[in-house]
Amino acid sequence: MRAALAIGERTRGRTAPNPNVGCVIVAGEGRVVGRGWTQPGGRPHAEAMALAQAGEAARGGTAYVTLEPCAHVSPRGPACADLLAATGVARVVVALRDPDPRTDGQGIARLRGAGVEVVTGVEADAARRAMAGFLTRRRLGRPHVTLKLALSLDGAVSMADGRSRWITGAPARAHAHLERARHEAILVGRGTWEADRPRLDVRLPGLEARAPLRVVLSSGHPNPSGATRLPPSPAGRGKDEGNSIWIENPADIATIPADHLLIEGGAAAAAAFLRANLVDRLLLYRAPILIGGGRTLGDIALGDLPDAHGRWTLTDERQLGIDRLEVYEAR
């Protein structure tokens with residue numbers, strides 16, 4: 001299942017409105033015979049890809065799938081529960097039940113009805129994190145939001161005059177570009193947009209095509225240059241506007257065509273999303289520097305100090321060159 005979760009990450013941020021599922025098929029003697037992951041745009045599904053690779057070797061084997069196989073027939077492909085049963089797999093191991101009402105429990109029931117053994121709940125927590133975008137959209141009707149902050153040891157996000165290039169070193173910046181590739185949309189505040197006109201693209205070899213939709217938060221200041229009002233109208237965009245839209249307040253993200261939104265700057269935009277309780281995940285890149293007198297986050301509507309405790313859970317940490325990455329998830 002961990003292998004299935006890992007390969008499902010390959011198209012995270014590219015499969016909306018479908019989840020980024022991974023599937024591994026193991027033959028009866030314990031040999032991996034098929035691997036698949038949801039393709040960009042949502043089809044083919046992971047199970048179909050893995051079964052096509054496995055062929056007859058799937059018969060009598062076990063399929064490890066990060067989400068319950070779908071039970072509905074689509075114009076773009078058959079139901080994966082039917083495919084697995086028809087191929088003759090003996091056992092299907094599922095991490096999570098699919099919240100989509102067209103499948104929810106029906107895929108598992110259909111497999112069991114066909115005589116296939118089904119085991120559920122394996123690596124469920126890891127699967128929830130891996131498919132957080134799909135699950136958040138289903139549960140809350142909005143994208144899963146990650147806030148990225150590059151900080152000095154004394155908590156500054158920039159110099160007093162707003163300069164922030166570069167707080168962190170090259171390895172941390174490369175990791176941040178990898179995160180961009182895993183999100184359909186990336187947001188900055190109007191101040192950052194107008195001052196820096198950031199490219200907000202992915203500058204990693206082989207991943208350049210995965211640049212996310214650029215979003216500008218422009219509260220009270222309409223029409224930031226080079227961006228189109230949400231919803232975007234591709235026919236009306238000028239050459240300079242490219243893949244850029246703007247919104248007036250954090251709640252507008254519910255109408256953005258994305259399951260994963262990355263907030264990159266600046267301090268005002270970060271504070272706005274924290275005030276609105278719309279941040280699901282924090283990426284903190286801590287650089288071993290002191291700035292002194294630099295800019296920090298603004299008001300996040302914290303009522304009292306005790307209210308700050310218990311809101312975040314550390315889920316990962318690692319060294320990136322001289323910098324330290326900490327990943328937190330909202331409780």
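Which residues are linked in a network of salt bridges? They are Glu9, Arg12, Glu179, Arg182 and Arg281. A salt bridge here is a side-chain nitrogen of Lys or Arg within 4 Å of a carboxyl oxygen of Asp or Glu.

## What you are looking at

This is a predicted model, where local features need pLDDT of at least 70 and side-chain atom pairs count only at pLDDT 80 or more, while totals for chains, interfaces and linings use all residues. Residues are numbered from 1 along each chain as its sequence is written, and side-chain values use heavy atoms, with hydrogens and water left out.

A few words come up again and again. Helices (H or I, at least four residues) and strands (E, at least two) are DSSP runs, numbered from the N terminus. Buried means under 20% relative accessible area, exposed means over 50%, and partly exposed is in between (1.4 Å probe, protein chains only).

## Two nonpolar cores

A nonpolar core is a set of buried Ala, Val, Leu, Ile, Met, Phe, Trp, Tyr and Cys residues joined through side-chain atoms within 4.5 Å. The largest one has 38 residues, and those with the most contacts inside it are Ile25, Leu84, Val89, Val92, Leu96 and Leu111. Strand E4 (residues 91-96) gives this core its largest share, 5 residues. Another core lies apart from it, with 29 residues, among them Leu213, Val215, Leu217 and Ile253.

Take a look at leucine 84. Skipping its neighbours within four places in sequence, leucine 84 is in contact (heavy atoms within 4.5 Å) with Glu47, Leu51, Ala63, Pro69, Val89, Val92 and Leu111.

## A sheet of nine strands

Next comes an open sheet of 9 strands with mixed pairing, in the order E9-E10-E8-E7-E11-E6-E12-E14-E13. Two strands count as paired if DSSP finds at least two bridges between them. The edges are strand E9 (228-229) and strand E13 (312-320), each pairing on one side only.

Threonine 228 stands opposite isoleucine 245 in E10.

Helix H9 (residues 267-275) is mostly covered, with 7 of its 9 residues buried. Those are Ala267, Ala269, Ala270, Ala271, Ala272, Phe273 and Leu274. Their cover includes E6, strand E7 (185-189), E8, E11 and E13. Just after H9, asparagine 277 takes a positive phi of about 55°.

In helix H6 (residues 132-140), the buried residues are Ala132, Gly133, Phe134, Leu135 and Thr136. They pack against strand E3 (62-67), E4, H5, strand E6 (144-151) and strand E11 (260-265). Glycine 141 follows H6, and its phi is positive, near 75°.

One runs from alanine 16 to proline 17, with omega near 10°, and proline 17 sits in the loop between helix H1 (2-8) and strand E1 (22-26). Another joins arginine 43 and proline 44, with omega about -5°; proline 44 is in the loop between strand E2 (32-37) and helix H2 (46-54).

Glutamate 123 has a positive phi of about 55° although it is not a glycine. You'll find glutamate 123 in the loop between strand E5 (117-120) and helix H5 (124-130), and it counts as partly exposed because its relative accessibility is 27%. Leucine 200 also has a positive phi of about 55° without being a glycine. Leucine 200 lies in the loop between helix H8 (190-196) and strand E8 (213-217), and at 3% relative accessibility it counts as buried.

One joins the side chains of arginine 199 and aspartate 201 (3.0 Å, N to O).

Glutamate 248 forms a salt bridge with arginine 229, with the closest N and O atoms 3.0 Å apart. This pair links distant parts of the chain, 19 residues apart: glutamate 248 is in the loop between E10 and E11, and arginine 229 is in strand E9. Aspartate 316 and arginine 318 form another salt bridge, their closest N and O atoms being 2.5 Å apart.
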